[in-house]
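Reader: I would like to learn how to read a structure of this kind. Please show it and take me through some features.

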Amino acid sequence: MSLPATRRPRLTAHVLGALLFPAVLTSTAAAAQEPPGKVTYEKWCSGCHGVDGRGDGAGAAFMLPRPRNFVQALYQIRTTRSGSLPTDDDILRVINEGMPGTAMPGWRNALTQNERQDLVAYVKSFSRFFETDQPDVLDLSAAPGRTDELVESGRRKFQELECWKCHGMAGRGNGQSAPTQEDNNKFPIRPADLTQPWLFNGGSKAEDIYRALRTGLDGTPMPSLEDALQGGIVTDDQLWGIAYYIESLAPGKAVVREVIEARLAENGLPASPDDPAWNAIERFWVPLVGQIIVSPRWFSPAISGVWVQAMYDDDDIAVRLSWDDRSKSPDPAWADWRSRVTAVMEPKEGGDVTAAAGPAATDSSTAAPPASPDAIAMWFPRSLPTSMERPYFFMGNTKDPVYMWHWSSLGDGSEMLGRGPGMIDPVPGNGNGLATQSSFQDGEWRVMFRRPRAAADSVDAISFTAGQPIPVAFFAWDGDNGETGTRGSLSTWFFVYLTEPASGAVFATPLLATLLTAGLGLLVVGRAQRRERNGGTDD
Amino acid sequence: MSNTRVTRTFAALFVTGALLACSGGDNTQGGGETDTAGGGESAAPMAVANAGTITGMVNFEGMKPANEPIDMSEEPDCQAKHPNGPMTETVVGDDGKLGNVFVRITEGLSGDHPAPSEPVIVDQVGCDYVPHVVGVMVGQGIEFKNSDGLAHNVQAQPQDNRPFNISQPTSMTSAAQRFSAPEVMIPIQCSIHGWMKGYIGAVAHPYFATSAMDGSFTISNVPPGTYTLEAWHEKYGTMTQQVTVDPNGTATVTFGYSASMAENAVVPLGEPFDPHNHSADGTAMRHAGDAPQMR
């Protein structure tokens with residue numbers, strides 16, 4: 001080329017630019033067409049919520065409640081009137097915090113602020129309602145602060161407004177209208193157990209409860225009290241009272257501790273599961289999760305945990321288990337529920353995500369499962385482990401079976417051997433003297449196990465030695481929720497520890513040591529000072 | 001004139017003209033009585049020149065299946081209001097007639113029809129919705145009344161409109177709800193009392209009625225023309241008829257239901273939302289730009 005040297009770089013640049021420009025144009029155009037939230041949504045959300053936002057992702061069949069259908073745009077947690085759309089902040093809140101009690105996690109720490117905000121816009125774009133409607137925001141008041149008067153007022157209002165018809169007199173979700181509920185898409189749904197606030201979809205604080213009372217939980221049977229408020233049936237203060245009352249039903253902070261302490265009984269063991277002596281015994285919360293290890297798996301467990309209390313004396317050990325259960329299975333009032341939830345969750349894992357178990361959905365091929373009882377089991381290794389090696393936590397295996405206490409609402413307590421998940425057989429021989437008693441009230445089971453500490457069978461049963469951590473694990477079944485066999489709620493290994501009372505030596509020895517040391521010290525110092533006074537020279 | 005004055009004059013003329021044009025178009029009269037008791041009368045259409053009337057009858061051939069008894073024992077106050085024992089209202093009417101059939105014009109109308117200002121009232125008496133089937137215009141208020149003095153909630157489950165769920169802990173009337181899109185039918189139910197079910201037809205015009213127990217219905221003030229009428233029943237489904245209304249005339253229409261229709265009945269209402277429904281006319285896919293359908 002005869003171009004001067006200075007022109008060549010510019011020409012090259014122009015040629016390069018001309019070649020690359022279409023590519024740049026296409027990619028920016030493509031980027032401009034793609035909504036910013038789409039990549040994030042398809043990576044993190046579509047697995048449950050579906051690529052088209054219809055709540056029919058691959059994971060949806062394993063969840064109850066189902067993931068939200070954004071095309072339908074029925075949002076449960078809002079600050080707006082019932083029937084109204086949510087605000088952007090409402091949607092962002094759920095993305096950030098998740099919805100406890102459901103499969104929706106919080107994404108605050110997993111996604112950046114920009115990513116989450118882009119998701120809000122993308123999620124809204126699935127529904128035509130956001131093009132035409134504006135959210136009707138309610139004027140929610142600030143918390144007045146909890147007082148005893150407000151809690152008492154709330155308790156009275158809870159009675160008057162008949163909340164108990166769904167939520168039960170003690171709030172455990174076992175009201176007379178509870179068994180027949182369904183959500184707006186005809187999936188089975190139950191009124192919340194108000195004593196387990198960590199499972200409230202919108203949060204457990206009084207502010208969250210108050211908000212839910214005013215907005216209602218759209219898509220669910222929980223109505224809004226806004227009209228009652230505007231109509232003077234209830235005042236804003238009274239709504240706060242109800243919120244504080246419900247907050248007061250919570251058990252207080254339940255820190256999960258791995259070691260369940262059994263106390264030495266001073267005046268004999270309690271006589272029954274309702275014996276007031278149990279009230280003085282510390283209780284330990286053991287969380288339970290749906291069994292999803294062994295087929296058939298169970299993704300909608302009813303029992304979220306069990307309270308464990310234990311006492312012992314020289315001869316016997318007594319353990320009381322308490323847990324919330326909405327019905328005393330088998331309860332005919334819940335038979336339809338059992339069919340519905342089984343039809344939706346059980347048949348084929350990975351089954352039809354749209355199968356809503358209304359009357360039309362239960363055909364003759366999915367026959368109603370036979371009535372099954374409520375049951376609970378706790379098991380131990382057959383002998384005290386010498387190391388951290390323990391049997392397989394889920395009911396042992398054939399090589400190393402576990403020794404199990406099993407109770408059922410249709411039978412009694414019995415001693416079993418567990419040889420693997422769901423493989424339970426009675427212990428050989430006459431057992432070791434296990435006795436059980438049970439009581440059911442207001443949506444709560446209490447079962448007391450009592451057995452001599454020393455096992456008659458030295459091979460297939462454990463003896464309860466004091467001062468040693470003894471591994472223990474649990475499994476619970478709610479029969480009316482279709483739970484039987486391996487369908488139920490499972491725990492990992494915990495420990496039960498028979499605490500030995502502190503001996504007097506614990507207090508005496510340090511005192512003695514202090515006195516001795518002080519005495520010796522005085523002696524030494526005193527002698528040194530006397531030597532000095534007597535004009536002592538250095539030694 | 002100066003430029004500024006020209007501009008100002010034109011602006012003034014323009015604004016005046018716009019105001020005149022806008023004010024002239026509004027219709028201020030809502031009209032007379034609305035359908036509150038399911039007695040077969042239509043909503044309040046405006047007076048129309050040479051308007052005619054459609055009178056109709058819904059016949060029922062064969063034995064009516066017995067309605068199911070309702071176990072209201074958990075609510076003795078409500079049970080006491082049913083001296084003959086509470087029953088569902090699925091199939092009701094005198095011998096040979098069918099009541100609670102919702103009839104409306106689906107084709108042949110044109111123009112806009114403003115909603116009346118009076119609300120429709122749905123009452124809850126004896127733990128039942130009264131009326132069981134009712135029509136309301138798009139944009140017209142519908143108020144829910146609790147006459148039972150115990151807790152009810154009204155849960156409406158439309159597909160083309162926004163579902164809502166209102167608690168009524170004791171006797172009260174709630175503020176008016178409005179449906180912004182036509183939809184036939186919108187089911188309502190109570191979460192506390194599972195047997196309580198009602199149906200609301202949201203219609204974009206006033207030419208609808210619900211048949212009475214004697215099977216009769218009347219739609220008044222109908223502009224002359226030829227129309228398609230659709231009847232809806234909660235168990236026996238839908239059927240259509242053509243009707244021609246002469247100026248100042250009365251057109252007679254008969255719908256004939258029979259017990260055998262239950263097998264193949266298509267009963268449009270707020271059915272479980274189908275996540276797999278990607279069809280163009282599936283409710284989920286209607287966009288804001290669509291013209292409101294005459295339904």
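Predicted model: local features only at pLDDT ≥ 70, side-chain atom pairs only at ≥ 80, totals over all residues.

Reader: How many helices and strands are in chain B?

Author: Chain B holds 2 helices and 16 strands. Of its 295 residues, 42% are buried. Among contacts in chain B with a separation of 6 or more, 69% are between residues 24 or more positions apart.

Reader: In what order do the strands of the open sheet of 5 strands in chain B stand?

Author: In chain B the order is S5-S11-S10-S7-S8, and the pairing is mixed. S5 (133-137) and S8 of chain B each have a single partner strand, so they stand at the edges and one side of each lacks a neighbour in the sheet. From one strand to the next the twist averages 25°.

Reader: In what sense do S5(B) and S11(B) pair, parallel or antiparallel?

Author: S5(B) pairs with S11 (residues 197-203) of chain B in the parallel sense, over 5 bridges. For a place to look, find B:Val133, which stands opposite B:Tyr199 in S11(B).

Reader: Which strands are at the edges of the open sheet of 3 strands in chain B?

Author: This sheet has the order S13-S1-S16, again with mixed pairing. Its edge strands are S13 (216-222) and S16 (250-258) of chain B, each of which pairs on one side only. Neighbouring strands in this sheet are turned by 20° against each other on average, direction ignored. S1 (residues 52-61) of chain B and S16(B) share 9 bridges in the parallel sense, and B:Thr55 stands opposite B:Thr252 in S16(B).

Reader: How is the size of an interface given, and how many residues are in contact here?

Author: Often the accessible area lost when the parts come together is used. Here we have residue counts: 30 residues of chain B are in contact with 40 residues of chain A. On the chain B side, strands S7 (152-156) and S8 (164-168) each supply at least two residues. S8(B) gives the largest share, 5 residues. By type, the chain B side divides into 14 nonpolar, 12 polar and 4 charged residues.

Reader: At what angle do helices H8 and H10 of chain A cross?

Author: Two helices are compared through their axes. Those of H8 (residues 206-215) and H10 (residues 236-248) of chain A come within 8 Å and cross at roughly 130°. That angle makes H8(A) oblique to H10(A). The crossing is right-handed. Among the residues that meet are A:Ile209 and A:Leu213 in H8(A), and A:Trp240 and A:Ala243 in H10(A). The residues of this contact divide into 10 nonpolar, no polar and 2 charged.

Reader: Where in chain A are the cis peptide bonds from A:Leu64 to A:Pro65 and between A:Ser329 and A:Pro330?

Author: The angle to read is omega. From A:Leu64 to A:Pro65 omega is near 5°, and A:Pro65 is in the loop between H2 (37-49) and H3 (88-97) of chain A. Between A:Ser329 and A:Pro330 omega is about -10°, with A:Pro330 in the loop between S5 (316-324) and H11 (335-345) of chain A.

Reader: Is A:Lys186 buried or exposed?

Author: The reading is a count of C-beta neighbours. A:Lys186 has 20 of them inside 10 Å and therefore counts as buried. Its phi is near 70°, a positive value in a residue other than glycine. A:Glu162 has a phi near 65°, also positive, but with 18 C-beta neighbours inside 10 Å A:Glu162 counts as partly exposed.

Methods
Residues numbered from 1 in each chain as written. Chains lettered and ligands numbered in written order. Axes fitted to C-alpha atoms, helices over the stretch in contact; angles between N-to-C directions. Helix = DSSP H or I, 4+ residues; strand = E, 2+ residues; numbered from the N terminus. Parallel < 35°, antiparallel > 145°, perpendicular 65-115°, else oblique. Left-handed = near helix turned anticlockwise from the far one by under 90°. Contact = placed C-beta atoms within 7 Å. Nonpolar A, V, L, I, M, F, W, Y, C, P; charged D, E, K, R; others polar. Pairing = 2+ DSSP bridges. Buried ≥ 20, exposed ≤ 12 C-beta atoms within 10 Å, placed from the backbone.
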